[in-house]
Number of protein chains: 2
Amino acid sequence: MFQTVAIVGATGAVGHEFISLIEQRGWQVDRYVLLASARSAGCTVRMLGHDRAVEELTESSFDGVDLALFSAGGGISKQFAPRAVAAGAVVVDNSSAFRMDPEVPLVVPEINPADAHRHRGIIANPNCSTIIMVIPVWPLHRANPVKRIVVSTYQSASGAGMRAMEELQTQTREVLDGKPAKPRVFPFQLAFNLFCHNSPIDETGYNAEEVKMIRETWKIFHDDTIGVTATCVRVPVLRAHSEAVNLTFENPITPDEVREILSKAPGVRVVDRLDPQHFPMPIEAGGIDEVLVGRIRQDISQPGSRGIDLFISGDQLRKGAALNAVQIAELLV
Amino acid sequence: MFQTVAIVGATGAVGHEFISLIEQRGWQVDRYVLLASARSAGCTVRMLGHDRAVEELTESSFDGVDLALFSAGGGISKQFAPRAVAAGAVVVDNSSAFRMDPEVPLVVPEINPADAHRHRGIIANPNCSTIIMVIPVWPLHRANPVKRIVVSTYQSASGAGMRAMEELQTQTREVLDGKPAKPRVFPFQLAFNLFCHNSPIDETGYNAEEVKMIRETWKIFHDDTIGVTATCVRVPVLRAHSEAVNLTFENPITPDEVREILSKAPGVRVVDRLDPQHFPMPIEAGGIDEVLVGRIRQDISQPGSRGIDLFISGDQLRKGAALNAVQIAELLV
């Protein structure tokens, strides 16, 4: 399928998932180039039964590479993705560096696969919170246009990387032992606490994570008339993101119709049992490919049966990042 | 102010806060009667510098009592509150037993203090999530009628009592030690997880906690035309509840107007700093009287500048329970 695949950020949380997914999906590739910063170069990473050396990312890392999966932050993508393209590779970039570039497709394979083929070397992978939300919203939007989305997120530590996940565990133990919490990766204590997503806030008052959920939804759906507002919150969960999603549709819609559509939707698993209660939870969404969707109910605050409330959980590292990027790459074969 | 005050549920999490607030506020009372179930009777509780015996709650516990603060669950309130009233006491009840009874006032002192004086022996204290939400929403509603509320909650373990708080701590240590989580108080693991509030779900698909937020808001505001939808979620936080609140107003409103109104509103503390970012967090809301409000911004999904987004945190045990009840009692003096 590909001859030489580079993974940029091979020692990170998403890099780890890239490797695991490539193994599971049985990619036929001649050679893998595992890349990381100078700090991690020299480490070995277990892949396909072998310990493989991680090389330092440099300008010549992409010679002979035909696919490069990037997940090492926006700065690295901005600097090195054009080099990879110049060397002849297609880049699937997990950072926010190119997502809103009109020349770069932003793709969720279940939604806008055709966009992937319009690339000029780089295809952007959407933000994790966006992907997890649009996976169930898209099939509903196709059946009955969504006019407005109000979303509140419950985002796990994994969205900030492996060091953030470690900090949550270490810090939680410190707090249980009566020691003061010492935040390093995050600006505030996350153990037994939560805080608004700490990305920069623009003049509208929205933070960058919220702006991503709004603008990326428009770009993926090819529709910037949908009203979207988001409140993004970090919670003391390790790896799956959850979201409370309130939808307003153009036409009346019932919970049964929603359940029927979602039960057939790709990438969705309906978890909506009343007795005993069983709804989406991050500990059950972690490590699986589907986004869990439940609490499907008519929003009684909206007239004319045009509102639906949902609660969803999806693995931030898989469908929210590595899996979606791997699926994009598979579209190209 | 009162001659004899009974505290029903004196050994519970809210009971503990009743005692702490009465001490802080310097109530002048001749005698306290500390009551609990047979299981806790015989314990001592520290109050006003003395270890005081906790007595078993019986039908004769209220002889001579003129104020009874109840926080021992709906079943106990249903059984014993009428006994306390028959004995001549006024009951301020923290359970849901009487909240929607049309003959029982449901009071937040900052909002509808006059209702307290219409009691026939029992005054109900609203649900914690409701109180924390309506404290900032009411002054905005008075300035510009609120037409619709979409709220997602981030509720702490304390809402399920002291044993639930202990379970979160014990279970978190077990999970960190690689042991399986054993939920007892909650139906699911709460450590590093979250789940939809596990109160019973009715035929509309809303759970009882969500229904409380909707109906109690209508009763406290004397206005059942406000559209309210809620998604209530339990998160691994110890004691303060947070809420993402999306508001639709009748007339245009700006974030500056909201900030101006909230900066003067009783029971509210605006925490809304951009640089460095500082917004409401449960670890800062715990143990204080005010509800923290921040992330005040124009909701860009709504036309005509009629939408506002907020994020709030409030101590579930204080303003969400004991403090509000104590304030109701003070209205009666």
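Q: OK, two strands pair if DSSP finds at least two bridges between them. So which residue stands opposite A:Val270 in strand 17 of chain A?

A: This is a predicted model. In it, A:Val293 of strand 17 of chain A stands opposite A:Val270. Strand 14 (residues 268–270) and strand 17 of chain A run parallel and are joined by three bridges.

Q: And how many bridges join strand 17 to strand 18 of chain A?

A: Five, and those two strands run antiparallel. A:Gly294, for one, stands opposite A:Phe311 in strand 18 of chain A.

Q: Is strand 17 of chain A mostly covered or mostly open?

A: Mostly covered: eight of the eight residues in strand 17 (residues 291–298) of chain A are buried.

Q: Switching to chain B. What is the strand order in the open sheet?

A: The order is 5-2-1-6-7-8, six strands with parallel pairing. At the edges are strand 5 (55–56) and strand 8 (122–124) of chain B, each pairing on one side only.

Q: Which helix packs on that sheet?

A: Helix 2 (residues 74–86) of chain B, which touches strands 1, 6, 7 and 8 of chain B. Its direction makes about 160° with that of strand 7 of chain B.

Q: How do helix 4 and helix 9 of chain B pack?

A: Their angle is about 90°, with the axes 8 Å apart. Helix 4 and helix 9 of chain B are therefore roughly perpendicular.

Q: Which residues make the contact?

A: Helix 4 of chain B uses B:Cys128, B:Ile131, B:Ile132 and B:Ile135. Helix 9 of chain B uses B:Lys319, B:Gly320, B:Ala321 and B:Asn324. By class, the contact has five nonpolar, two polar and one charged residues.

Methods
Residues numbered from 1 in each chain as written. Chains lettered and ligands numbered in written order. Predicted model: local features only at pLDDT ≥ 70, side-chain atom pairs only at ≥ 80, totals over all residues. Axes fitted to C-alpha atoms, helices over the stretch in contact; angles between N-to-C directions. Helix = DSSP H or I, 4+ residues; strand = E, 2+ residues; numbered from the N terminus. Parallel < 35°, antiparallel > 145°, perpendicular 65-115°, else oblique. Contact = placed C-beta atoms within 7 Å. Nonpolar A, V, L, I, M, F, W, Y, C, P; charged D, E, K, R; others polar. Buried ≥ 20, exposed ≤ 12 C-beta atoms within 10 Å, placed from the backbone.
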